[in-house]
Amino acid sequence: MACLLEAPLRISVLSEVTATSRHYVDRLFDPDPQKVLQGVIDMKNAVIGNNKQKANLIVLGAVPRLLYLLQQSSSSLELRTECAVVLGSLAMGTENNIKSLVDCHIIPALLQGLLSPDLIFIEACLRCLRTVFISPVTPVQLLYTDPTVIPHLMSLLSNSQRTQEYITQIFSHCCKTPEHQTVLFNHGAIQNIAPLLISPSYKVRMQALKCFSVLAYENTQVSMTLVNVLVDGELLSQVFVKMMQRDQPVEMQLTAAKCLTYMCRAGAIRTDDSCIVLKTLPCLVRMCSKEHLLEERVEGAETLAYLMEPDVELQRIASTTDHLVAMLADYFKYPSSVSAITDIKRLDHDLKHAHELRQAAFKLYASLGSNDEDIRKKITETENMMDRIVSGLSESSIKVRLAAVRCLHSLSRSVQQLRTSFHDHAVWKPLMKLLQNAPDEVLVMASSTLCNLLLEFSPSKEPILESGVIELLCSLTQSDSSALRVNGIWALMNMAFQADQKVKVEIVRCLGTEQLFRLLSDPDTNVLMKTLGLLRNLLSTRPHIDQIMSSHGKQIMQAVTLILEAEHSIEVKEQTLCILANIADGNTAKELIMTNDDMLQKIKYYMGHSNVKLQLAATFCISNLIWNEEDGSQERQDKLREMGFVDVLHKLTQASDPNLSDRAKTAMQQYLA
């Protein structure tokens with residue numbers, strides 16, 4: 001029987017709530033302005049902390065009416081202000097509430113309200129705008145639609161501490177792209193916001209600091225300007241250093257460290273500057289310790305990873321500061337074992353941040369180990385580290401997978417690790433799995449790592465070859481992404497180095513000559529260089545050279561001709577001449593050069609080139625063609641003498657470069673023998 005009574009009870013409660021809400025909305029339409037004002041004030045009191053009431057009022061159409069009253073010049077200032085306050089309260093509800101408010105065009109209405117001369121009304125409008133703009137569902141572009149808005153907001157900054165807090169908070173949340181940075185910079189953000197860093201209000205100082213961190217991020221123009229800014233006679237960088245002191249709130253320390261990190265990465269502060277080495281780096285390492293909140297530890301680790309990414313000296317300093325490498329191992333211990341947790345809220349919090357912690361730790365390990373062999377060794381010897389990376393590669397979170405593979409890539413630069421940890425943990429297996437259908441950013445990092453695992457001294461090379469990787473790599477070379485094309489061809493190049501004939505034939509078969517020659521005319525120089533490297537590795541050892549040239553000689557010679565005739569860098573032409581030198585070393589393949597007078601003239605031209613590298617490669621080619629101990633050497637020598645090569649060689653024996661003159665002398669001896 002209890003069940004039958006429950007349903008009607010629910011309906012009556014719901015209708016009661018809706019009826020009450022309807023009453024609030026109806027009062028907004030009362031002809032008496034005083035009653036309307038009282039209705040808005042009552043509505044304000046009813047919605048505080050009551051999300052259900054907020055949702056009901058929105059559904060019942062309160063927002064368009066409140067916006068209408070807010071914009072009416074006939075409404076009293078008090079009424080307009082109370083409307084802005086209620087709208088701000090409705091915005092503090094759920095994301096759906098915000099969507100409804102934005103759909104009702106609340107932003108242009110509130111921005112219009114900022115033109116009022118009344119400060120209290122302006123502050124109410126700004127407070128509501130701030131709440132709307134800090135929501136992830138609000139399109140930040142709405143702040144930039146009207147070009148008069150940003151300069152007007154700048155002019156309001158000096159009005160009160162509240163306008164300063166709200167406006168800087170809006171700026172820091174709505175500055176998402178380089179274009180946004182430029183707009184704010186051009187409208188005087190730096191000059192206008194810098195004085196706020198010494199405001200008596202903590203909230204204002206904090207929001208101003210956040211503004212500078214988003215303005216400086218990856219922006220050289222802003223960062224270079226910030227370096228020279230004085231605040232109350234003190235350089236801005238020194239103001240930031242003071243904000244990083246231990247007696248400041250953690251949020252302030254972290255944000256100030258971010259500002260200096262971004263200025264450093266943008267090239268405005270040197271990496272060996274004392275404010276980076278002695279202040280910023282230790283502050284960020286401190287943020288990674290156990291005594292901080294999980295969110296702070298995530299932010300500290302990610303910022304530190306970014307700070308030292310390009311600088312080996314900072315990596316070395318960080319690795320020996322406060323046992324950082326061991327400290328990071330703790331990032332993998334969340335959520336704590338369930339038996340130790342009695343607080344469900346704490347478990348929920350730990351679970352939520354566990355992914356972020358692992359991602360941050362992997363990123364920081366990747367950054368720490370990107371250059372120094374000793375640091376890499378320290379990382380791999382940290383408790384269960386390789387197992388953690390391997391399990392990270394198959395995590396559900398794409399961000400964790402990407403960070404884990406970045407970490408693996410960083411460690412894979414070590415010959416020592418490739419021979420030991422990588423082999424012991426069969427890292428190639430989860431890596432191959434990851435390559436099957438990952439998003440491009442993961443593919444780029446995973447295929448880069450694979451390139452290192454395929455180096456000839458890596459014990460993983462053999463099992464990877466047996467797993468059918470050639471087809472996968474050939475498919476990468478057809479990608480629209482140049483980074484994936486480079487990695488695909490690079491891995492094939494590493495695979496072909498000193499490989500068996502069987503592997504080389506399989507590469508050529510799978511790649512197909514058409515694709516190989518398409519890659520030789522790729523607009524990306526890196527792709528072209530790696531393809532030439534692949535060709536050079538395929539054309540090594542005589543039987544291989546002769547076999548490949550007997551089936552593909554015509555196309556290869558054509559490709560070589562095109563590259564030598566086109567506008568290419570010295571490196572590209574040198575690599576191409578080295579391929580020719582390899583062809584000249586074949587038993588039968590060398591005839592493809594000897595019967596091609598046009599090619600011989602090209603070689604002669606490069607022997608007289610102004611660049612020593614090209615001269616060396618061309619001379620090496622001729623040396624291989626005239627080598628005495630081989631069949632037909634006499635005829636080849638005679639033909640090349642007739643074409644004037646001996647005179648060129650004689651001239652090169654006098655070259656100022658010792659390598660070139662030695663190479664020419666060795667070639668000349670073939671004629672004298």
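Student: Which residues lie nearest the centre of the largest pocket?

Tutor: Happy to start there, keeping in mind that this is a predicted model. The largest pocket has a volume of about 1300 Å³, and 40 residues line it. Those nearest its centre are Tyr217, Lys258, Tyr262, Glu302 and Thr303.

Student: Which helix gives the largest share of the lining of the largest pocket?

Tutor: Several helices each supply at least two lining residues, among them H10 (161–174), H13 (202–216), H16 (250–265) and H18 (294–308). H21 (344–368) and H24 (398–411) belong to that group too. The largest share is eight residues, and the helix that provides them is H18.

Student: Which helix gives the most to the lining of the second largest pocket?

Tutor: This pocket holds about 300 Å³ of space and is lined by 16 residues, with Pro108, Leu111, Gln112, Asp146 and Val149 nearest its centre. Two helices, H7 (106–113) and H9 (149–156), each supply at least two residues of the lining. With five residues, the one that gives the most is H7.

Student: How many disulfides does a search of the whole structure find?

Tutor: The closest cysteine sulfur to that of Cys474 is in Cys510, 3.7 Å away, and the closest to that of Cys510 is in turn in Cys474. A disulfide needs sulfurs within 2.5 Å, so this pair is too far apart for a bond. Across the whole structure, the number of disulfides found is zero.

Student: Is Cys474 buried or exposed?

Tutor: The cut-off for buried is under 20% relative accessible area. Cys474 has a relative accessibility of 4%, so this cysteine counts as buried.

Student: Where is Ala566 found, and how far apart in space are Ala566 and Gly267?

Tutor: Ala566 sits in the loop between helix H35 (542–565) and helix H36 (570–584). Its relative accessible area is 27%, which makes Ala566 partly exposed. Ala566 and Gly267 are 299 residues apart in sequence, and their C-alpha to C-alpha distance is 37 Å.

Conventions:
Residues are numbered from 1 along each chain as its sequence is written. This is a predicted model: local features need pLDDT of at least 70, side-chain atom pairs count only at pLDDT 80 or more; totals for chains, interfaces and linings use all residues. Side-chain values use heavy atoms; hydrogens and water are left out. Buried means under 20% relative accessible area, exposed over 50%, partly exposed in between (1.4 Å probe, protein chains only). Helices (H or I, at least four residues) and strands (E, at least two) are DSSP runs, numbered from the N terminus. On a 1 Å grid over the protein atoms alone, a cavity is a set of points where a 1.4 Å probe fits but cannot get out, and a pocket is an open set with protein on both sides within 12 Å along at least five of seven lines; lining residues have an atom within 4 Å of a point. Grid points are joined across faces, edges and corners, and a volume is the space filled by probe spheres set on the points.
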